[in-house]
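These are my notebook entries on a single model. I record each item as I looked it up.

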Amino acid sequence: MIARGSGYSAEAGLKYFVLGALSSGLFLFGCALLCGAGGSVYFYYIELLFNSKQSFSDVCVPIGYLLIIAALFFKLSVAPFHMWVPDVYEGAPTKTVVLLAIVPKTGIFSLLFSIGLPISLFLIGVVFSLFVGALGALNQTRVKRLLAYSGIGHMGFLLWGLVNGSFESLQASLVYLFIYIIMTICVFSIVLSFNVYKNLLIEFSGLSRLLPLLSITFGVVFFSIAGIPPFAGFLGKWVVLLSGVLSKSFFIFFFAVFCSVIAGVYYVRIVKILFFQKNSFFLISTKALKKELKLNFKRVFLIGLCFYFIFFLFFSPHFGFCFTSQVVMGLF
């Protein structure tokens with residue numbers, strides 16, 4: 001909670017603290033149940049115990065797994081444990097939102113690689129996340145709340161790659177995670193560079209005339225997030241969908257494509273506001289009172305580097321696939 005004078009920031013900090021403490025308590029209690037039932041702290045023995053038919057493990061181990069999943073889904077902002085995400089994204093400063101959108105999810109995602117969790121619970125999180133991420137952002141008027149729901153939809157794709165546990169699906173999830181991190185850094189860096197007042201979507205109207213190159217980059221990044229070729233976002237969704245087809249998960253395949261089409265509506269809406277919508281009288285007067293916008297060189301360099309990966313990773317994905325294959329091979 002950096003902006004102490006803001007009521008939104010105070011609300012965001014309190015919600016994240018309370019719900020974060022609750023999820024941490026659930027995680028510790030679940031770990032205690034699993035360790036007490038298995039007599040060991042190693043995931044391998046706990047997974048063997050979960051598959052056994054001992055009377056004690058029939059009660060404690062499933063409950064422990066359920067508590068751990070609920071805690072990890074909260075950290076990943078997976079639906080239906082996503083209730084904190086839009087409010088925290090809206091109230092927290094944008095620089096803090098970047099950390100919340102990347103660092104915890106990367107750490108928890110790496111933890112999920114080491115835990116053998118029930119597939120059925122993963123599928124529930126995948127379906128709910130894709131549905132909430134697609135429909136939740138349709139009527140949003142603030143860019144950070146829209147990106148919050150967008151992140152929930154991305155978590156659905158990431159979890160789907162973990163459902164099968166095959167080499168191809170795990171590699172697809174890692175590729176998608178790498179692309180998601182790049183797109184998140186780029187889009188929030190551009191939002192910071194625009195220096196809008198209330199982070200309203202309507203504030204982006206007319207900015208294409210003031211900052212044409214930055215606006216084009218912003219539009220390309222949203223096309224990539226929507227999964228439109230030939231950008232990196234399409235590559236990430238394509239490898240995840242391909243792994244789902246190879247595992248014969250046809251229902252989730254069509255559901256994911258349907259949700260991606262719906263989500264593309266609000267991404268294209270931002271591009272329309274940025275390039276084709278005129279300023280209102282209030283926005284013109286507000287922008288006239290602001291100082292001349294000066295771009296930070298470090299931020300522009302970061303945006304350019306991320307844009308390079310977003311635009312060229314689709315044409316030359318060998319580095320990403322080689323790196324992720326080495327990581328996944330270490331798990332088998």
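Is phenylalanine 309 buried, partly exposed or exposed? I found phenylalanine 309 to be partly exposed, with a relative accessible area of 29%. I note that the model is a predicted one.

Entry on the whole chain. I counted 15 helices and zero strands in the protein chain. Of its 332 residues, 49% count as buried. The protein chain exposes about 16,400 Å², and carbon and sulfur atoms supply 72% of that area.

Entry on aromatic pairs. I found 21 aromatic pairs in the structure. Phenylalanine 178 is partly exposed, at 30% relative accessibility. I then examined phenylalanine 204 and phenylalanine 218: their ring centres are 5.5 Å apart and their planes at 25 degrees, so the pair is stacked, the cut-off being under 30 degrees. Both phenylalanine 204 and phenylalanine 218 are buried.

Entry on helix α10. I recorded 15 residues for helix α10 (residues 212–226), with a reach of 21 Å from first C-alpha to last. Eleven of the 15 residues are buried, so α10 is largely enclosed by the rest of the structure. Among the buried residues of α10 are Leu214, Phe218 and Phe222. The helices they pack against include α7 (143–164), α8 (167–194) and α14 (297–312). After α10 comes glycine 227, with a positive phi near 85 degrees.

Note on methods: Residues are numbered from 1 along each chain as its sequence is written. This is a predicted model: local features need pLDDT of at least 70, side-chain atom pairs count only at pLDDT 80 or more; totals for chains, interfaces and linings use all residues. Side-chain values use heavy atoms; hydrogens and water are left out. Helices (H or I, at least four residues) and strands (E, at least two) are DSSP runs, numbered from the N terminus. Buried means under 20% relative accessible area, exposed over 50%, partly exposed in between (1.4 Å probe, protein chains only). Accessible areas come from the Shrake-Rupley method with a 1.4 Å probe; for residues, only the protein chains shown count as cover. The expected span of a helix is 1.5 Å times one less than its number of residues. Contact means heavy atoms within 4.5 Å. Rings of Phe, Tyr and Trp (its six-membered ring) pair if their centres lie within 6.5 Å; planes under 30 degrees apart count as stacked, over 60 as edge-to-face and the rest as tilted.
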